[in-house]
Amino acid sequence: MQKCSKDRVSTGDQNLDRLMEGGFPKGSLILLAGNPGVGKTVFGANFICKGVKDFDETGVYVSLAEDRETFYSNISKHFGTNCEECGKRGMCIFLDYATVKEEGISAMLESILEEIMKVNAKRLVIDSFTAMAQAFKEQFESRIILHTILGKIVRKMGCTTLLICEVPYGANMISKGMEEFVADGVIVLRTSSLEERLFRDLEIKKMRGTFIKEREISFTLKMGFRVIQPFKFELIEKPSRCKLIPHSPVKFTTASSDLNCLLEGGFKRGTVSLLEIGDNVSFEQYLFSVLAPIQWNFINNGQPIISIPSPGIDHKIILANIMQGGFTEEELSSLYRFIEPKYSEWNSQSLCSVNIKGKSIEEDFEIIVDETLKMMNRTGKPPLLVLSANTFIYYYGISNAIKALSVLSTIIKEHNSLMLVFLKPGFERVGRMLGAMADTHLKIIREHGAIFLYGVKPRTPLHAVELDVSEGYPIPKLTPVV
């Protein structure tokens, strides 16, 4: 059983708690607002369910929108929680007032307060206050209810209350505005479109007596309500060796099960894949989200890798990060060949690097092909080509870059191997051309500090990327935004 601080109540999500000094102020009145369908009921149910499960705190859920059977069915679908069993234990009280009218409001409020006192409830959700307010003919009556009953009595009982409000589409104000001033905290849930895909985020408009680290953050409703925290990466001092995931007869797998799932089993053999990198995505973010787990599985299978890094990224930097997969320097020197222009003594040739001049596409292309075939013949296994399109463009121009990559794709297909081309921002037209050439097209973007990966080809929803180090090495975990 988890413990919360004496003056805080968990929101039901640890990542959201971290943004608000541990959660909601204990005994506070929180307004949760948003358009229909943004996830307010799921948030409220999560607040009650996690309170029971993780903190042994009794909760009362008051519904003026759904009947008991519909609510229980939806919650079981989202959380896998047996609400009937929870109710029998007297820990989760569901009160159904879906058909209440104005004359029944007073009796309903008395019933709510009686239930709170009877079970000593620490959490209360009213879904929704908008429906309650609509039962009154006069607006001032709902304000009295809000200010006197909920604003004073419930707080004195030490019951943290979540008040759900519906915001009509196109409205700028939450309900009539009164609720925002009475509430201790206001959180607005939103849905929008990002890269032509569903995106969910919330804004913490206010939270009295609380330092808010991030006011806007993304979330998903996959398996309940979960805030997506900003991408974090720290080098592991002594990483464990990443686990091998065997290739299938028709596809090359990666070291990430979630990435394999996104790719419908992996990359088809003898194909070209494009990874398009969005603005503000750092080297570590795109490396560990996509490129590293692909290369790790090839190394584990004893397959060679031919890499042409981005301009300004020396191969030593890449090797230092690839070693987070738990490999030795000897292994990497044996299986890797970095092909890069020698622009200074700083990136002089080493055992696993081959220098090109970066002046003649014909001369350099011959070296690239020769080194690829040499590594393939030495190991007897199909290689992985990881190529920066920006490097080709920088040294040879767009037209020659496209031609070179096209010829390399033909060679890769002939040898039933895999070529992965990644493209950094600034070349949208090139991206469209490479996307047409590629059999698989992925894109990685950043929003609210979080990293999202999605498939253009095949088309997929946004997937939040978070690194899991529980096995001793960083592996990307993907959660779809639904």
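**Loop, salt bridges and helix packing**

A: G22 lies in the loop between α1 (14-19) and β2 (24-25). Helices (H or I, at least four residues) and strands (E, at least two) are DSSP runs, numbered from the N terminus. This is a predicted model, in which local features need pLDDT of at least 70 and side-chain atom pairs count only at pLDDT 80 or more, while totals for chains, interfaces and linings use all residues. Residues are numbered from 1 along each chain as its sequence is written, and side-chain values use heavy atoms, with hydrogens and water left out.

Q: Is G22 buried, exposed or partly exposed?
A: G22 is partly exposed, at 25% relative accessible area. Buried means under 20% relative accessible area, exposed over 50%, and partly exposed in between (1.4 Å probe, protein chains only).

Q: How far apart are the C-alpha atoms of G22 and S5?
A: They are separated by 7.2 Å, and G22 and S5 are 17 residues apart along the chain.

Q: OK, salt bridges. How many does the count come to?
A: The count comes to 17 salt bridges. A salt bridge here is a side-chain nitrogen of Lys or Arg within 4 Å of a carboxyl oxygen of Asp or Glu.

Q: Which residue does K118 pair with?
A: K118 forms a salt bridge with E115, at 3.4 Å from N to O. K118 and E115 are three residues apart in helix α5 (residues 105-119), so about one helical turn separates them.

Q: Which of those is buried or exposed?
A: K118 is exposed, with 62% relative accessible area, whereas E115 is buried at 16%.

Q: And what about D184, which residue does it bridge to?
A: D184 forms a salt bridge with R208, and the closest N and O atoms are 3.2 Å apart. D184 sits in the loop between α8 (178-182) and β8 (185-194), and R208 in the loop between β9 (197-207) and β10 (216-220), so the pair ties together parts that are 24 residues apart in sequence. D184 is buried at 11% relative accessibility, while R208 is partly exposed at 39%.

Q: Which residue does K316 pair with?
A: K316 pairs with D314, with 3.7 Å between the closest N and O atoms. K316 is partly exposed at 43%, and D314 is buried at 1%.

Q: Which residues are linked in a network of salt bridges?
A: R190, D201, E203, K205 and E216 are.

Q: Changing topic. At what angle do α14 and α15 pack?
A: Helix α14 (residues 389-414) and helix α15 (residues 428-437) pack at about 15 degrees, with axes 11 Å apart. Axes are lines fitted to C-alpha atoms, for helices over the stretch in contact, and angles run from 0 to 180 degrees between N-to-C directions. That makes α14 roughly parallel to α15. Angles under 35 degrees count as roughly parallel, over 145 as roughly antiparallel, 65 to 115 as roughly perpendicular and the rest as oblique.

Q: Which residues make the contact?
A: From α14 they are A389, I393, I398, I402, L405, S406 and S409, and from α15 they are R429, V430, M433, L434 and M437. Contact means heavy atoms within 4.5 Å.

Q: And how do α13 and α14 cross?
A: The axes of helix α13 (residues 361-379) and α14 come within 11 Å and cross at roughly 40 degrees, so the two helices are oblique to each other. I361, D364, F365, I368 and V369 of α13 meet F392, Y396, N400, A404, V407, L408 and I411 of α14.
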